[in-house]
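Subject: Structure handover

Hello,

Please find the structure below. My notes on one helix pair and on the cavities follow it.

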Amino acid sequence: MDELKCCVTSCEKPLDKVYWDNQYQSNTIGWDLGEVSPPLKNYIDTIKDKNIRILIPGCGNTYEADYLLEQDFTNVTVIDIAPTLVENLKTKFKGNPNINIILGDFFEHQGEYEIILEQTFFCALPPTMRQKYVWKMHQLLANKGKIIGLLFNRTFESGPPFGGSQEEYNLLFQQSFDFLKMEICQNSATPRAGSELFVEFQKNSEVLVNLYPFEGITCNGCKNTVSEKFAALKNILNVSTSSNFAEVLIVSKNEIALETLQNEIAYDAKYKIGNKL
């Protein structure tokens, strides 16, 4: 599956604005399909409300936005961190009032959307940011809003793209979202055939999803113990810790006092949980 390689530079470099801008300046965009992804095209064809608020994060060349506009959708927002790309998009869509093009960091973006389209954004993020992705998606979606899109159901030797599995996604998104659909995609673009899951996750508006900075965890054993301690607290529904142990995602029925969380891990002086983001 060589077509899935996104870059020829070392992916040990920070995946920041400079990195992604260099990919577009050098036209090193092997992940680019050159057309709207067939599963997303099919889904878009089922949307009846043409005024629905739609966000496409990490939009790239955003063929999905092209298709949405062709189908007369009126409220499309795309955001990307790469200046070269965004300038190209502003030129391409100049004068079109139905699309809002933003240069910026998705995790700092403010807004509210009924649909967020996921197309090679999740897999482009460092895996350490996956808990933050869930938190931000939940924050940006309106009541009963949905994540619609594709997630890789395979691993890669290096990345981006970074792979994953259905089992991982179950643990990561549970309780924050209701799983309306997560299944092997039957109509993927040829380069990605057999490697994608089509997902339809609906925001669970009955819960709080908070992300906390954390210090002191140094291994998976410690992580599991801390997670079990938090999960045992009343009204906590799910706990997920980032792979670098720096952030903890907590899904709960109501607000949990920071003091309560800190007391639960006070058995080890090196463990410290900070104020929620």
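The crossing of α5 and α6 is right-handed (the near helix is turned clockwise from the far one by less than a right angle). Helices here are DSSP runs of H or I with at least four residues, strands are runs of E with at least two, and both are numbered from the N terminus. This is a predicted model, in which local features need pLDDT of at least 70 and side-chain atom pairs pLDDT 80 or more, while totals for chains, interfaces and linings use all residues. Residues are numbered from 1 along each chain, and side-chain values use heavy atoms, without hydrogens or water.

Helix α5 spans residues 130-140 and α6 residues 166-173; their axes lie 10 Å apart at about 50° (lines fitted to C-alpha atoms over the stretch in contact, with angles from 0 to 180 degrees between N-to-C directions). Arg-130, Gln-131, Tyr-133 and Val-134 of α5 meet Glu-168, Leu-172 and Phe-173 of α6 (heavy atoms within 4.5 Å).

The whole structure holds two cavities of 30 Å³ or more (sets of points on a 1 Å grid over the protein atoms alone where a 1.4 Å probe fits but cannot get out; lining residues have an atom within 4 Å of a point).

Regards

How values were computed
On a 1 Å grid over the protein atoms alone, a cavity is a set of points where a 1.4 Å probe fits but cannot get out, and a pocket is an open set with protein on both sides within 12 Å along at least five of seven lines; lining residues have an atom within 4 Å of a point. Grid points are joined across faces, edges and corners, and a volume is the space filled by probe spheres set on the points.
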